[in-house]
Amino acid sequence: VVLSLVQYFGMFPSFLTPIMRLFIDRFTDQSHGSGRGVAALFAEPSYASLSIHYYFAYFMFQYKVNQRSLLGYGAILAMIVFDLFIIRSITGLVMIFVYFISLQRWKYIWRGAILFVALSLLVIYLANQATVKPRAIEFMYDFIYNQEYQDPMPFLLNESGFRVISVWAAYAYGLVNPLGSGIGGWGTASLEAMDQIGVPATEIGFFASYSGGEFDGVRPTSFVADLFLEMGWVGFVLFILAFAKYMFSKSLFNDVASRPVLIMFFFNLFVMGTIGDPLPFIFLALAYREHFPSMA
């Protein structure tokens, strides 16, 4: 968090940047530009955003902060402001939404969703008055006020880079190929998967903008989606059978303090995350240890 603020205000010593790049190849000492924010100790803002929400959720759990108290709401508001104006990642808005919804009782979850949407619309409207809009704000403004929600799929496919299409195509591929493409075969298989659902790489702006038109394979940004792509639904079933007792905990879910860590873990596992990122698994393990001291 401190490093993020240092980068945001342009105060990071430039002579240290080459040294930092010995450890983090894509380290940058300032904002990424084009409406994107800073990345702290991560390769890009979206990765930083995914991770910092786990630190936040675990902090709130570990120190038993009542999320419905003044302190709790203040902390959540501070996290939203940090997302919107420092990291400026669309991923951050998604993650804080998942966190906020996970705090609600399922019987009244619609109330929480309405409150979150109302607050988001207000923040988006106010932030839109700024000369340079954060990318997350620009995305939400286009989606809501420019009515992109009327035909959302083309908009989401282009704005999300390869994320949405890679996950969607991988699940579809794994369902029709019970054993997937084989471990390590994700490169060619990911392009085949996109072709099979009728959205070839040639129609995705990511490949034209960032890959120079080179249609190299892309790994799905979801652990389970990658399982479907490389090991099919059979591999997914074997994975669930092996780890179900560690992943599905009624006690952890019923505790409102630990529930966000569990829900965010499943969201990253099944919907949107980063392949190879150990943090979701680490924080789930820490939540287990905190919740069940005897497991330490």
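Before we start, a helix here is a DSSP run of H or I with at least four residues, a strand is a run of E with at least two, and both are numbered from the N terminus.

1. **What you are looking at.** This is a predicted model, so local features need pLDDT of at least 70, side-chain atom pairs count only at pLDDT 80 or more, and totals for chains, interfaces and linings use all residues. Residues are numbered from 1 along each chain as its sequence is written, and side-chain values use heavy atoms, with hydrogens and water left out.

2. **The overall picture.** The protein chain has 15 helices and 0 strands. Of its 296 residues, 44% are buried, where buried means under 20% relative accessible area, exposed means over 50%, and partly exposed is in between (1.4 Å probe, protein chains only). Now take the contacts, meaning heavy atoms within 4.5 Å. Among those in the chain with a separation of 6 or more, 65% are between residues 24 or more positions apart.

3. **Helix 3.** Have a look at residues 45–62, which form helix 3. This helix has 18 residues, and its first and last C-alpha atoms are 25 Å apart, close to the 26 Å expected at 1.5 Å a residue. The expected span is 1.5 Å times one less than the number of residues. Helix 3 is mostly covered, with 14 of its 18 residues buried. Just after the helix comes Lys64, with a positive phi of about 50°.

4. Is Ser49 buried or exposed? Its relative accessible area is 0%, so Ser49 is buried. Leaving out residues up to four places away in sequence, Ser49 touches Asp83, Ile87, Ser89, Thr91 and Gly92. With Gly92 you can look at individual atoms: a polar atom of the Ser49 side chain lies 3.0 Å from the backbone nitrogen of Gly92.

5. **Helix 4 and what follows.** Helix 4 also checks out on length: its 18 residues should span 26 Å at 1.5 Å a residue, and the end C-alpha atoms are 24 Å apart, which agrees. Its buried residues include Asp83 and Ile87, both of which turned up among the contacts of Ser49. After helix 4 comes Arg88, in the loop between helix 4 (70–87) and helix 5 (90–102). Arg88 counts as buried because its relative accessibility is 16%.

6. **Positive phi values.** Why stop at Arg88? Most residues other than glycine have a negative phi. Arg88 is not a glycine, yet its phi is positive, about 60°. Ala40 is another case, with a positive phi near 55°. You will find Ala40 in the loop between helix 2 (17–20) and helix 3, and its relative accessible area of 11% makes it buried.

7. **Helix 9 against helix 10.** How do helix 9 (residues 163–176) and helix 10 (residues 186–196) cross? Their axes come within 8 Å and cross at roughly 90°, so helix 9 is roughly perpendicular to helix 10. Axes here are lines fitted to C-alpha atoms, for helices over the stretch in contact, and angles run from 0 to 180 degrees between N-to-C directions. Under 35 degrees counts as roughly parallel, over 145 as roughly antiparallel, 65 to 115 as roughly perpendicular and the rest as oblique. On the helix 9 side, the residues that meet helix 10 are Ile165, Ala169, Ala170, Tyr173 and Val176, and their partners are Ala189, Glu192, Ala193, Met194 and Gln196. The residues of this contact divide into 8 nonpolar, 1 polar and 1 charged. For those classes, Ala, Val, Leu, Ile, Met, Phe, Trp, Tyr, Cys and Pro are nonpolar, Asp, Glu, Lys and Arg are charged, and the others, Gly among them, are polar.

8. Gly174 lies in helix 9 and is buried, at 0% relative accessibility. Which residues does Gly174 touch, neighbours within four places aside? They are Phe228, Gly232 and Trp233. Gly174 and Leu229 are 55 residues apart along the chain, but their C-alpha atoms are separated by 5.2 Å. Ser166 is in helix 9 too, buried at 5% relative accessible area. Beyond four places in sequence, Ser166 touches Val218, Arg219, Pro220 and Thr221.

9. **Ser258.** Finish in the loop between helix 13 (250–254) and helix 14 (259–270), where Ser258 sits. Ser258 counts as buried, at 0% relative accessibility. Its contacts, not counting residues up to four places away, are Phe61, Leu252 and His291. His291 is 33 residues from Ser258 in sequence and 7.8 Å away in space, C-alpha to C-alpha.

Terms used. Polar contact = N/O pair within 3.5 Å; in protein donor to acceptor, adjacent residues only side chain to side chain.
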